[in-house]
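Please walk through this protein with me. We begin with one residue, widen to the overall form, and then return to local detail.

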Amino acid sequence: MSHQNKTVTEQVQEVAQNTWDATKNTAANATESVQNMFSAGQEKAADTADKAGRAVKPESEKTVGDKAKDTWDATKNSAQNASDKASEKMDEAGRAVKPESEKTLGDKAQDTWDATKDAAANVTESVQNMFSAGQEKAADTADKAGRAVKPESEKTVGDKAKDTWDATKNSAQNASDKASEQMDKAGRAVKPESQKTMGDKAKDTWDATKNSAQNASDAVQSKVQETQKAAQSKTS
């Protein structure tokens, strides 16, 4: 029977049936979606609980299955991190070549976040480097102090090698410091007085003081040598 030949009642019934079928389908789809979400949530919760249990379990008590799951978790994490990193890099590259005028608020927010992360990472890395350097310096100082008070007869080949290395480093550092000092002095010597900073003038004063002390020391040593020579000539 064609649509035109149907009575008004039949047409209304058909529309109502179609609407009901569509409503049932929508409800069924929604129910299935909720069930899937609930099942996924249950699996996620069970997986999280299992992972937490394995995390606190001593390695010696882990079964082959536990170790296999640990390996799988590590593999998944590594793959996910690599995927996230790749997506992040692609997004970053896309925004880098996009003209500022075409950037959305989301792009600009992400740019700001990237800059913030980079700055924070740089600060963290700098602090870590300083901390590592500080630890190495402290360990080196403690080792040097230990060798300084150790009798030569008790020193190992390693101790003696370190002593030699310390002496070499000190000699090189002293030579470097001396060269820097001479260059600085030469620079100040040709700098007009009107252009000298307070630091320059302080260094000039210190140089003059050192020179005066050195001259006095040289004079004393010269006098001592003269006296020794005179005494030797009288004895002979």
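**From one residue to the whole chain**

Met183 is exposed because its relative accessible area is 63%. Exposed means over 50% relative accessible area, buried means under 20%, and partly exposed lies in between (1.4 Å probe, protein chains only). Met183 belongs to helix H4.

The model is predicted: local features need pLDDT of at least 70, side-chain atom pairs count only at pLDDT 80 or more, and totals for chains, interfaces and linings use all residues. Residues are numbered from 1 along each chain as its sequence is written, and side-chain values use heavy atoms, with hydrogens and water left out.

Now the overall form. The protein has 5 helices and 0 strands. Its pattern along the sequence reads α-α-α-α-α. Helices (H or I, at least four residues) and strands (E, at least two) are DSSP runs, numbered from the N terminus.

How does the radius of gyration of the protein compare with that of a compact globule of 236 residues? The protein has 41 Å, whereas such a globule would have a value near 18 Å. The radius is taken over C-alpha atoms, and the globule rule is 2.2 Å times the number of residues to the power 0.38. Along the principal axes, the C-alpha trace spans about 150 × 65 × 20 Å.

Burial and contacts come next. Of the 236 residues, 7% are buried. Take the contacts between residues at least 6 apart in sequence: 6% of them join residues at least 24 apart. Contact means heavy atoms within 4.5 Å.

Is Arg188 buried or exposed? Arg188 counts as buried because its relative accessibility is 4%. Leaving out residues up to four places away in sequence, Arg188 touches Lys196, Asp200, Lys203, Asp204 and Asp207.

Step back to the loop between helix H3 (105–148) and helix H4 (157–189), where Lys155 is found. Lys155 counts as buried because its relative accessibility is 14%. Its side chain makes a polar contact with the side chain of Asp163, at 2.7 Å. A polar contact is a pair of N or O atoms within 3.5 Å; within protein, one must be able to donate a hydrogen and the other to accept it, and residues adjacent in sequence count only if both atoms are side-chain atoms. With residues up to four places away left out, Lys155 touches Arg147, Lys150, Lys160 and Asp163.

Helix H3 contains Gln110. Gln110 is partly exposed, since its relative accessibility is 29%. Beyond residues up to four places away in sequence, Gln110 touches Asp91 and Arg95.

Finish at Thr235, in helix H5 (residues 198–235). Thr235 counts as exposed because its relative accessibility is 69%. The C-alpha atoms of Thr235 and Ala161 are separated by 48 Å, and the two residues lie 74 apart along the chain.
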